[in-house]
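Me: I am new to this entry and would like a guided look at it. Could we go through it together?

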Amino acid sequence: MKSVLIGIDGSDDSRIALRWAAAISEALMVRLRAIWAWEYAADTVVSVGGIDLPDPEEADAHVAEQLEALLAEELEEDAGRVTARVARGPAARAILRAAETTPKMIVVGSRGLGGFKGLLLGSVGRQLAEHAPCPVTIVPRTTPVDPVSLETIIVGVDGSRHAARAMLCATDFAGRVGAEVVVAHAVETLQPIDPGAHAPEVDPRPELDARTDLVEEWATPLRQLGVPYRVRVVEGDPRAALLEVAEEEEADGIVVGSRGRGPLRKLLLGSVASSVAQYSPIPVTVVPKRA
């Protein structure tokens, strides 16, 4: 049975992510699984003659109590429908092991879960987005969760196979929760960077019209399933353009492929996906190659 898997560590970010994941799992009519991974601190010093660290079983029990209390505090009566477990080891590794049953989605907060907490896109979120077998949603602390809104979803497309997977994910997701999809495609500016006195001006309209027709072809899955959608073709860098479209549309989430046609295609997590997940004030779902 499909599920939504949420990684928790007790941070404020993971609490917001938990409430978002709970609403998503209910809308998708799948069960919610929560996992809290712990490990001894890497810089723990054990003095000669004694140890202050708890036994692993004691630590498991303590974290399990924290997890149960957190679920009850954040979800109240809905906490009973969550399947919760405690795991040992690094958070990303533990979540990936738990994802071997192929959940419908993995959800984590944008920070917390170890690593460098000063980064908006934490190290765990990045590892999951690169290696998970299913879509991974990064939920920032700024996400409205009282209540969770699921009315408008942005999907970024560029004609790549990764974008095609993002389109299928957005289509399935929007179709299940009743959201409208805004299909966004960014075209690098057609005007010369430094026109000079004799450089001809370029009329962008024919190119933008042609791109709009192309994006309509990419939106075929939406039409086939009857999911309401609109097309937005905009000029600019895709990394900024997707965020601008999301702000203009007052969107509730963004879906992107893990890579695209940008200059950094050799990276597991492409520049567009990485930048959007880093700076977006709303949830970003990254669809990996394996999804």
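Reply: Helices (H or I, at least four residues) and strands (E, at least two) are DSSP runs, numbered from the N terminus. This is a predicted model, in which local features need pLDDT of at least 70 and side-chain atom pairs count only at pLDDT 80 or more, while totals for chains, interfaces and linings use all residues. Residues are numbered from 1 along each chain as its sequence is written, and side-chain values use heavy atoms, with hydrogens and water left out.

Me: How many helices and strands does the chain have?

Reply: There are 9 helices and 10 strands. The chain has 291 residues, and 48% of them are buried (under 20% relative accessible area, with exposed meaning over 50% and partly exposed in between, for a 1.4 Å probe and protein chains only).

Me: In what order do the strands of the sheet come?

Reply: The 10 strands form an open sheet in the order 3-2-1-4-5-10-9-6-7-8, and the pairing is mixed. Two strands pair if DSSP finds at least two bridges between them.

Me: Which strands stand at the edges?

Reply: Strand 3 (82–88) and strand 8 do; each has a single partner strand, so one side of each lacks a neighbour in the sheet. From one strand to the next, the twist averages 25°.

Me: What does helix 2 lie across?

Reply: Helix 2 (residues 56–75) lies across strand 1 (3–8), strand 2 (31–38) and strand 3, and runs at about 150° to strand 3. Angles run from 0 to 180 degrees between N-to-C directions, with axes fitted to C-alpha atoms, for helices over the stretch in contact. Contact means heavy atoms within 4.5 Å.

Me: Now strand 7: how many of its residues are buried?

Reply: In strand 7 (residues 180–187), 7 of the 8 residues are buried, and the strand is mostly covered. Strand 6 (residues 152–156) runs parallel to strand 7 and is joined to it by 5 bridges, with Ile154 opposite Val182. Strand 8 (residues 229–235) also runs parallel to strand 7, through 7 bridges; there, Ala186 has Val234 as its bridge partner.

Me: What do strand 6, helix 5 and strand 7 make together?

Reply: They make a right-handed β-α-β unit. Right-handed means that, with the strands pointing away from the viewer, the path from the first strand over the helix to the second runs clockwise.

Me: At what angle do helix 1 and helix 5 pack?

Reply: Helix 1 (residues 12–28) and helix 5 (residues 161–177) pack at about 80°, and their axes are 8 Å apart. The two helices are therefore roughly perpendicular (65 to 115 degrees; under 35 is roughly parallel, over 145 roughly antiparallel, and the rest oblique). Ile24, Ala27 and Leu28 of helix 1 make the contact with Phe173, Arg176 and Val177 of helix 5.

Me: Is helix 9 mostly buried or exposed?

Reply: Helix 9 (residues 271–279) has 7 of its 9 residues buried, so the rest of the structure largely encloses it. Among the buried residues are Ser271, Ala273 and Val276. Their cover includes helix 4 (123–131), strand 5 (136–139), helix 8 (238–248), strand 9 (253–257) and strand 10 (284–287).

Me: Last one: where is Lys289?

Reply: Lys289 is in the segment after strand 10, and is exposed, with a relative accessible area of 56%. Apart from neighbours within four places in sequence, Lys289 is in contact with His162, Arg165 and Ser258. Between Lys289 and Ala166 the C-alpha to C-alpha distance is 9.8 Å, although they are 123 residues apart in sequence.
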